[in-house]
Amino acid sequence: MQTVKVINKSAYELPKYETLNAAGLDVRANITEPIILKPLERTLVPTGLYVEIPEGYEIQVRPRSGLAAKHGISLVNSPGTIDPDYRGEIKIILVNLSNNDFELKPGERVAQLVVAQFTRIEWKEVDSLSETSRGEGGFGSTGVK
């Protein structure tokens with residue numbers, strides 16, 4: 001298990017895993033008044049959380065499936081990435097993709113945070129790539145015809 005240092009300036013407990021095998025920690029809106037999100041409108045939602053992520057790790061910010069399915073609420077940059085050298089407040093960019101206004105309440109769970117290890121690469125410029133059976137096929141090219 002990896003440790004992540006956190007400062008919690010929110011009015012709520014730290015994000016937690018809701019089930020034993022959950023990959024994401026639910027994060028809450030640290031707001032004092034409801035926010036009305038109109039159709040196709042987006043807003044930056046503060047969480048009151050500040051983190052120190054270990055080198056070689058990131059926190060991915062992902063939508064909550066319940067908000068997406070029931071209300072059409074998602075994230076503009078999904079998944080968002082919080083880099084290990086960022087020390088500012090975690091904020092969530094919510095968007096309303098439905099045709100109805102959505103009321104975001106104080107303390108509502110707005111996104112999931114997933115901690116993931118990453119590898120940095122070094123580019124090697126070449127004139128050609130190895131051949132594969134797929135080749136340049138993309139966007140549904142491996143599906144049944």
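## Ground rules

Residues are counted from 1 along each chain as its sequence is written, and side-chain values use heavy atoms, with hydrogens and water left out. Since the model is predicted, local features need pLDDT of at least 70 and side-chain atom pairs count only at pLDDT 80 or more, while totals for chains, interfaces and linings use all residues.

## The sheet

Let's start with the strands (DSSP runs of E, at least two residues, numbered from the N terminus). Four of them make an open sheet, in the order 1-4-8-6, with antiparallel pairing; two strands count as paired if DSSP finds at least two bridges between them. Strand 1 (5–8) and strand 6 (73–75) sit at the edges with a single partner strand each, so one side of each has no neighbour in the sheet. From one strand to the next, the twist averages 45°, an angle taken between N-to-C directions of lines fitted to C-alpha atoms, on a scale from 0 to 180 degrees.

Now look at strand 1 and strand 4 (residues 42–52): they run antiparallel and are joined by four bridges. K5 is placed opposite E52 of strand 4. In general, strands of a sheet pair through backbone hydrogen bonds, either parallel or antiparallel.

T43 belongs to strand 4. Its C-alpha atom is 6.7 Å from that of V95, although T43 and V95 are 52 residues apart along the chain. Beyond neighbours within four places in sequence, T43 is in contact (heavy atoms within 4.5 Å) with I35, L37, I92, I93 and L94.

Over in strand 8 (residues 89–96) you'll find N96. Is N96 buried or exposed? N96 is buried, with a relative accessible area of 0%; buried means under 20%, exposed over 50% and partly exposed in between, using a 1.4 Å probe and protein chains only. The side chain of N96 reaches the backbone oxygen of K38 at 3.5 Å. Leaving out residues up to four places away in sequence, N96 touches several others, including L37, P39, H71 and F102.

Most residues other than glycine have a negative phi, and most peptide bonds are trans. L40 has a positive phi of about 65° despite not being a glycine. You'll find L40 in the loop between strand 3 (35–37) and strand 4, and L40 is exposed, at 64% relative accessible area.

The other case is the cis peptide bond between S78 and P79, where omega is about -5°. P79 lies in the loop between strand 6 and strand 7 (80–82).

Key:
Polar contact = N/O pair within 3.5 Å; in protein donor to acceptor, adjacent residues only side chain to side chain.
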